[in-house]
Amino acid sequence: MSKRINLFLALFILSLGITCRAEKAETEHPDIIEHITADSIHVIIQDEEVARLLEYAEPTKNEPKKNDNIGYRVQVFSDNNARTARNEARSKQRSVGNRFPQYRTYVTYSAPYWRLKVGDFRTQAEANTAATAIRRAFPGFASEIRVVRDRVNISKTQQQ
């Protein structure tokens with residue numbers, strides 16, 4: 001009988017301790033820096049170049065980022081069927097590439113979609129003109145053809 005009482009008391013005290021610790025953990029949210037440096041002094045030496053690279057500047061609304069070539073492409077195909085989408089995208093890429101050799105074609109995979117995009121256009125009007133020509137050449141693709149914003153490859157001569 002006394003063994004049962006001792007076991008019961010031990011479990012009660014243990015559960016009480018766990019409950020108190022859980023309540024304390026819920027109420028305290030220490031800052032990670034304070035936690036790391038609580039018992040000691042740390043000196044951080046940072047190179048000026050690293051500091052410059054870590055600076056963050058919010059881009060203005062109308063000003064594009066310097067290295068982003070944002071433009072337009074014509075999306076001809078998009079599908080997520082794991083068995084057929086890749087081969088269908090490649091097949092359509094060959095067809096469109098043969099009919100419109102002046103435009104580069106891009107087959108991409110962004111889970112779960114395989115996509116075929118055509119061209120590197122600076123303006124939406126240029127992309128719309130190409131989309132209309134592709135619709136006329138491939139009426140079977142017409143329901144899928146749309147102009148999309150994308151990062152494009154524009155050479156220095158095209159930018160001028």
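Two strands count as paired if DSSP finds at least two bridges between them. Keep that in mind. The model here is predicted.

Start with strand β1, residues 70-79. Buried or exposed, how do the residues of β1 mostly fall? Seven of its ten residues are buried, so the strand is mostly covered, with buried meaning under 20% relative accessible area.

Now the partners of β1. One is strand β4, residues 146-151. Six bridges join β1 and β4, and the two run antiparallel. Take Arg73 as an example: its bridge partner in β4 is Val148.

Another partner is strand β3, residues 113-121. Here too the pairing with β1 is antiparallel, over six bridges. Tyr72 stands opposite Phe121 of β3.

On to helix α4, residues 85-99. That is 15 residues. From first C-alpha to last, α4 reaches 21 Å. The expected figure, at 1.5 Å a residue, is 21 Å, and the helix comes close to it.

Which residues of α4 are buried? Ala85, Ala89, Lys92, Gln93 and Val96.

Turn to the face of α4 pointing away from the buried side. There sit Asn87, Arg94 and Asn98, which are exposed.

And what covers the buried residues of α4? The cover includes β1, β2 (105-110) and β3. That brings us back to β1, itself paired with β3 and with β4.

Terms used:
Residues are numbered from 1 along each chain as its sequence is written. This is a predicted model: local features need pLDDT of at least 70, side-chain atom pairs count only at pLDDT 80 or more; totals for chains, interfaces and linings use all residues. Side-chain values use heavy atoms; hydrogens and water are left out. Buried means under 20% relative accessible area, exposed over 50%, partly exposed in between (1.4 Å probe, protein chains only). Helices (H or I, at least four residues) and strands (E, at least two) are DSSP runs, numbered from the N terminus. The expected span of a helix is 1.5 Å times one less than its number of residues. Contact means heavy atoms within 4.5 Å.
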